[in-house]
Amino acid sequence: MADSEAVTTQGSTVEEWTQALAESKGSPGGGAGTGVMLAIAASLVSMVAGYTKPSDGRGGELADLHARARSLRETALRLADDDAAASEAFGAAFRLEPGRERDDAIHSASVNAAKASALLGERAMDAIEDLGWLCSHGNPALIADVVVAFGALRAAVAGARTNVSFDLATLRSAGASLEQIRAEHPSLWATVQQLNTALDRIDELTAGVDHRAAPTDTDALE
């Protein structure tokens with residue numbers, strides 16, 4: 001597949017998609033990579049859930065969790081492709097000649113890109129407590145997979161947080177100050193802090209089970 005612009009998560013191999021990501025075109029870029037990391041996390045949640053036998057009347061909880069993970073994997077890949085399209089518009093705006101049209105295009109593309117990343121971040125935050133549930137009730141033989149899933153999920157949350165913040169700040173290229181940006185886009189602005197809080201929660205949950213996933217780590221022997 002020679003044309004990287006035609007590469008999507010839905011219709012290409014991992015080789016083709018990552019080759020497109022490696023090219024200096026920005027579409028797909030870091031935002032789309034965030035979506036793929038979320039899909040990886042969701043896939044691992046689904047796998048661990050599938051290997052887990054429900055106990056103590058928790059069959060319904062497990063079934064719901066498993067269904068959410070399967071749905072999230074599909075949603076994350078779609079959002080990755082949506083973000084790649086937003087990145088394309090973002091780059092096109094900056095290629096315009098200086099003037100009002102360029103400023104308007106940058107404003108629209110920046111807000112749309114921030115919204116795309118915020119949506120990815122929201123979906124990623126939805127998965128945190130499901131992984132937390134698997135820490136306590138999942139198949140203990142797969143705790144290492146849970147920690148790997150946390151790593152992928154953390155990458156997705158961190159990517160979304162950074163992209164939302166960066167895209168909002170890009171509005172300064174169209175003449176806005178950070179104070180104006182916060183006043184005009186309070187929800188997107190608040191999303192950055194919500195994602196920061198989510199990173200802390202992921203770190204807390206991961207620290208609580210890492211000794212089980214990596215028992216040969218030197219810190220675990222102290």
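These legends walk through several close-up views of one predicted model.

The model is a prediction, so local features are described only where pLDDT is at least 70, and side-chain atom pairs count only at pLDDT 80 or more, while totals for chains, interfaces and linings use all residues. Residues are numbered from 1 along each chain as its sequence is written, and side-chain values use heavy atoms, with hydrogens and water left out.

View 1. Helices (H or I, at least four residues) and strands (E, at least two) are DSSP runs, numbered from the N terminus. The C-alpha trace spans about 65 × 45 × 40 Å along its principal axes. Of the 222 residues, 42% count as buried; buried means under 20% relative accessible area, exposed means over 50%, and partly exposed lies in between (1.4 Å probe, protein chains only). Look at the contacts (heavy atoms within 4.5 Å): of those with a separation of 6 or more, 71% join residues 24 or more positions apart.

**View 2. The largest nonpolar core has 40 residues.** A nonpolar core is a set of buried Ala, Val, Leu, Ile, Met, Phe, Trp, Tyr and Cys residues joined through side-chain atoms within 4.5 Å. Among the residues with the most contacts inside this core are L38, L131, L134 and F150. Two or more residues come from each of helix 2 (30-51), helix 3 (59-94), helix 4 (100-126), helix 5 (128-137), helix 6 (143-169) and helix 8 (186-213). Helix 6 gives the largest share, 10 residues. A second, separate core of 10 residues includes A118, V164, L171 and A176.

**View 3. Helix 5 is mostly covered.** Seven of its 10 residues are buried, including I128, W133 and C135. These buried residues pack against helix 2, helix 3, helix 4, helix 6 and helix 8.

**View 4. D130 and R68 form a salt bridge.** A salt bridge is a side-chain nitrogen of Lys or Arg within 4 Å of a carboxyl oxygen of Asp or Glu, and a search of the whole structure finds eight. Here the closest N and O atoms are 2.7 Å apart. D130 lies in helix 5 and R68 in helix 3, so the pair ties together parts that are 62 residues apart in sequence. D130 counts as buried because its relative accessibility is 12%, whereas R68, at 43%, counts as partly exposed.

**View 5. R100 and D104 pair within helix 4.** Their closest N and O atoms are 3.1 Å apart. The two residues are separated by about one helical turn, because they are four residues apart in the helix. R100 is exposed at 65% relative accessibility, and D104 is partly exposed at 41%.

**View 6. R154 and D203 meet in a salt bridge.** The N to O distance is 2.6 Å. R154 sits in helix 6 and D203 in helix 8, 49 residues apart, and the pair links distant parts of the chain. Both are partly exposed, R154 with a relative accessible area of 31% and D203 with 33%.

**View 7. D167 of helix 6 is buried yet has no salt bridge.** The nearest side chain of opposite charge, R172, is 11 Å away. Setting aside residues up to four places away in sequence, D167 touches F90, S110, A113, A114 and S117.

Terms used: Lys and Arg count as positive and Asp and Glu as negative; His and the chain ends are not counted.
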